[in-house]
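Dear colleague,

Please find below the structure that I promised to hand over.

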Amino acid sequence: WYVLGLVATSQSCKMGRKELTDAVWPLSDEKSQSVLLYTWRRSVMTAISTMIADSPIIITEDAVSIDTTFLAIDYQECCSLARIVFTSDDAQTVLDAGTAFDAIAEDKVLLPSLSAAFVELREQFDKQRTAVLRRTWQAEAHLQPTSQSLTSTFELRLRNLGDENPIGTPALPFTALPEII
C-alpha cells in the first residue's frame with residue numbers, strides 16, 4: 001500500500017521507476033528491485049481484482065504510473081483547485097474553483113476500498129473538502145448578498161458533511177465588487 005500511495009500521490013500519478021524502487025527498496029540491487037516491483041504489481045492486482053478488471057498500474061522501463069481513469073476522484077486536480085480557493089482574493093475565482101472542486105469530489109470518498117493505510121490521507125482530504133466548501137460558500141454569499149436567506153448548494157453540502165458552523169467571515173478578504181454607474 002505504501003508503494004501504491006507513493007505513486008498515487010505523486011505529480012500526475014507517475015514516478016520514475018528508479019526513483020520509486022530506490023525509495024521503497026533501498027537495500028536491494030537493481031535486479032531484485034525489478035522483481036519486487038513486478039511482485040508488488042501482482043499483489044495490487046490480486047487485491048483490487050474484484051473492483052477493476054484491467055490493471056490500473058503501468059510499468060515501463062522508465063516509469064511507474066497509475067491509469068487515473070480508474071480513480072473516482074482526481075486528487076491532483078482537487079489539490080490544484082483547493083490552492084486557488086485558498087489563495088485567491090477574487091470571489092468569482094474562488095466560486096468557480098470551488099464549484100469545479102465540488103463537481104469532482106461530490107460525495108465520493110477518497111480511496112474508499114483501499115486499506116487503512118490511507119485513513120490519514122482520507123481525513124486530510126475531507127478536511128480540505130470542508131474548507132473549500134466553506135470558502136466557496138463565503139464567496140457565493142459575497143457575490144450574491146441578497147440571496148443569503150436561501151440555502152445554497154454549498155451550505156447543504158457542508159451540512160451533509162456534518163458542519164454546523166455559521167458561514168462566518170471569510171479568512172481572506174474578497175476584492176470589492178465594481179460599482180455600477
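Of the 181 residues in the protein, 38% are buried, where buried means under 20% relative accessible area, exposed means over 50% and partly exposed lies in between, with a 1.4 Å probe and protein chains only. Please keep in mind that this is a predicted model, in which local features need pLDDT of at least 70 and side-chain atom pairs count only at pLDDT 80 or more, while totals for chains, interfaces and linings use all residues. Residues are numbered from 1 along each chain as its sequence is written, and side-chain values use heavy atoms, with hydrogens and water left out.

The protein has seven helices and three strands, which are DSSP runs numbered from the N terminus (helices are H or I with at least four residues, strands are E with at least two). Along the sequence these elements follow the pattern α-β-α-α-β-β-α-α-α-α. The accessible surface comes to about 10,800 Å², and 55% of that surface belongs to carbon and sulfur atoms; such areas come from the Shrake-Rupley method with a 1.4 Å probe, and for residues only the protein chains shown count as cover.

Turning to the helices, the axes of α4 (residues 75-87) and α5 come within 8 Å and cross at roughly 155°. The axes are lines fitted to C-alpha atoms, for helices over the stretch in contact, and the angles run from 0 to 180 degrees between N-to-C directions. The two helices, α4 and α5, are therefore roughly antiparallel to each other, since angles over 145 degrees count as roughly antiparallel, under 35 as roughly parallel, 65 to 115 as roughly perpendicular and the rest as oblique. On the α4 side the contact is made by E77, C78, L81, A82, I84 and V85, and on the α5 side the residues include T93, A97 and F101.

T93 of helix α5 is partly exposed, at 32% relative accessibility. Apart from its neighbours within four places in sequence, T93 is in contact with I84 and S88. The C-alpha atoms of T93 and T136 are separated by 9.4 Å, although these residues are 43 residues apart along the chain.

Helix α4 also meets α6, and here the axes come within 10 Å and cross at roughly 40°, which makes α4 oblique to α6. Among the residues that meet are C78, A82 and V85 in α4 and F125, A131 and R135 in α6. A131 of helix α6 is partly exposed, with a relative accessible area of 32%, and A131 and V85 lie 9.2 Å apart, C-alpha to C-alpha, while being 46 residues apart in sequence.

Finally, how many aromatic pairs does a search of the whole structure find? The search finds one aromatic pair, formed by F101 and F125, which is stacked at 5.9 Å centre to centre with 20° between the planes. Rings of Phe, Tyr and Trp (its six-membered ring) pair if their centres lie within 6.5 Å, and planes under 30 degrees apart count as stacked, over 60 as edge-to-face and the rest as tilted. F101 lies in helix α5 (residues 91-105) and F125 in helix α6 (residues 119-143), so the pair ties together parts that are 24 residues apart in sequence. Both F101 and F125 are buried.

Conventions
Contact means heavy atoms within 4.5 Å.
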